[in-house]
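Biologist: I am new to this structure. Please take one part of it, look at it closely, and then say how far the rest can be read.

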Amino acid sequence: MTVRRGKKLSISIQEHMAIDVCPGPIRPIRQISAYFPRLSPTSPTPISPNPATSPLVLSPGSVASGMGGSHLLSPLLAHGRSGGGGSLSLTSSVDTSVEINSSDSDDCTALGTLEFELRYEQSTSELHCTVLRAKGLKPMDFNGLADPYVKLHLLPGACKANKLKTKTIRNSLNPVWNETLTYVGITEEDMHRKTLRLSVCDEDKLTHNELIGESRVPLKRVKPDQTKHFHTCLEHPPPLPSPTAMGEALRGISCYLREWENEQLHSLEERGRLLLSLQFLPPASLEERYTEGGEGRRSGGLCVGVKRCAHLAAMDVNGFSDPYVKIYLKPDIQKKSKHKTSVMKKTLNPEFNEEFFYEISLSELANKTLEVTVWDYDLGRSNDFIGGVCLSCHSQGDALRHWMDCLKNKGQRVERWHILTNELPRTLSHD
């Protein structure tokens with residue numbers, strides 16, 4: 001390219017094409033197209049040079065597609081120099097779209113896939129999860145393999161209290177378990193609001209276990225008494241929002257949401273489940289007394305059956321608890337309503353099957369509160385509180401329904417599972 005003083009700009013392209021552009025202003029596209037017959041003025045790829053600031057720079061992508069070869073590259077681009085503010089390169093937008101598509105490509109199988117089945121038995125309040133197999137897991141060990149196992153958690157809830165775990169398959173990226181894990185005490189409310197998290201982990205004996213990937217399934221997708229099959233891609237755990245990654249206006253909102261979430265998780269922390277039966281027995285008639293040999297009950301009362309607990313929180317260092325159950329019928333002015341079950345050693349799923357009777361009329365019972373608490377027995381020091389629940393006419397949810405069903409259906413035994421929370425009952429401080 002040569003610039004002659006006192007004359008207008010002249011462009012000479014001699015290295016690749018023997019075409020001399022006559023001195024004068026740069027011609028419009030419709031005139032330049034005469035020298036480039038294949039480059040149509042109505043091409044869908046526009047070229048917008050700025051004749052006042054810089055010479056015409058042809059885009060390699062557009063010219064190559066129009067002329068059928070790379071020999072038509074601009075000499076400025078060929079030597080690695082930019083075409084100035086007036087040049088327009090179409091390759092940047094094309095390359096960017098390719099990079100976005102490649103980085104946003106379907107990479108869901110990078111961690112592997114997990115196949116499992118879910119079934120909810122409504123009559124027994126049991127949720128069965130059959131972990132079938134995994135395929136194409138990400139290698140986690142030096143030998144290019146992994147030692148995978150699957151953990152189950154119900155969210156929201158205390159992870160340690162409701163964790164279930166499969167066996168470990170050694171040295172495999174395509175493990176087959178065919179193992180069924182069962183949650184008991186799952187209510188219909190749980191099926192509407194809870195999510196099952198399945199985490200595939202690699203077991204390491206010398207170091208801590210590593211997470212390969214996880215899959216989350218809202219339980220509302222499972223219909224009662226029907227088996228639903230799932231074949232999902234493992235994903236990374238969802239990251240927590242970082243306040244530093246947000247704008248200044250959103251940082252305060254993010255911090256507030258984190259504090260609110262922590263408070264909600266703390267207040268709603270579940271410590272296990274309790275299966276309780278209630279039965280109000282009306283006063284026995286004279287005929288019933290004589291039938292029982294004169295030693296039967298004379299007045300009515302409440303029969304409380306402590307059946308079993310499930311998925312209790314581990315309170316001891318061995319990963320278990322030594323649970324027992326205490327019940328009160330309050331207000332208890334004479335301090336005579338306390339009953340306690342036997343202690344079950346080293347278990348998170350104890351079965352008690354013990355019943356306790358309170359002699360009381362139905363009208364008096366309507367103003368009472370049944371307080372049930374579960375404790376971990378510790379020798380030589382104070383016992384640890386695991387969880388509790390209160391049943392009365394002022395309760396809410398399942399506790400209220402259970403209590404009202406007992407009062408309305410005299411003589412019938414009513415059983416229901418209850419969620420144990422980490423909150424001490426309010427009336428416990430009066431003991």
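Modeller: In this predicted model, a polar atom of the Thr347 side chain lies 3.1 Å from the backbone nitrogen of Asn349. Thr347 itself is found in a loop, the one between β14 (339–340) and β15 (351–359). Although it is a loop residue, Thr347 has a relative accessible area of 18% and is therefore buried, the cut-off being under 20%. Leaving aside neighbours within four places in sequence, the residues in contact with Thr347 are Phe320, Ser321 and Pro323.

The cysteines are another matter to look at. The count of disulfides comes to zero. A disulfide is a covalent bond between the sulfur atoms of two cysteines. Cys406 is buried, with 1% relative accessibility. Cys393, by contrast, is partly exposed, at a relative accessible area of 32%.

The mean pLDDT is 74, and 62% of the residues reach 70 or more. Over residues 6–23 the pLDDT is below 50, and this stretch has 20 contacts in the model beyond near neighbours in sequence. Residues 27–107 also have pLDDT below 50; there the model has 66 contacts beyond near neighbours in sequence.

Conventions:
Residues numbered from 1 in each chain as written. Predicted model: local features only at pLDDT ≥ 70, side-chain atom pairs only at ≥ 80, totals over all residues. Heavy atoms only, no water. pLDDT = per-residue confidence, 0-100. Contact = heavy atoms within 4.5 Å. Helix = DSSP H or I, 4+ residues; strand = E, 2+ residues; numbered from the N terminus. Buried < 20%, exposed > 50% of the residue type's maximum accessible area, 1.4 Å probe, protein only. Polar contact = N/O pair within 3.5 Å; in protein donor to acceptor, adjacent residues only side chain to side chain. Disulfide = S-S within 2.5 Å.
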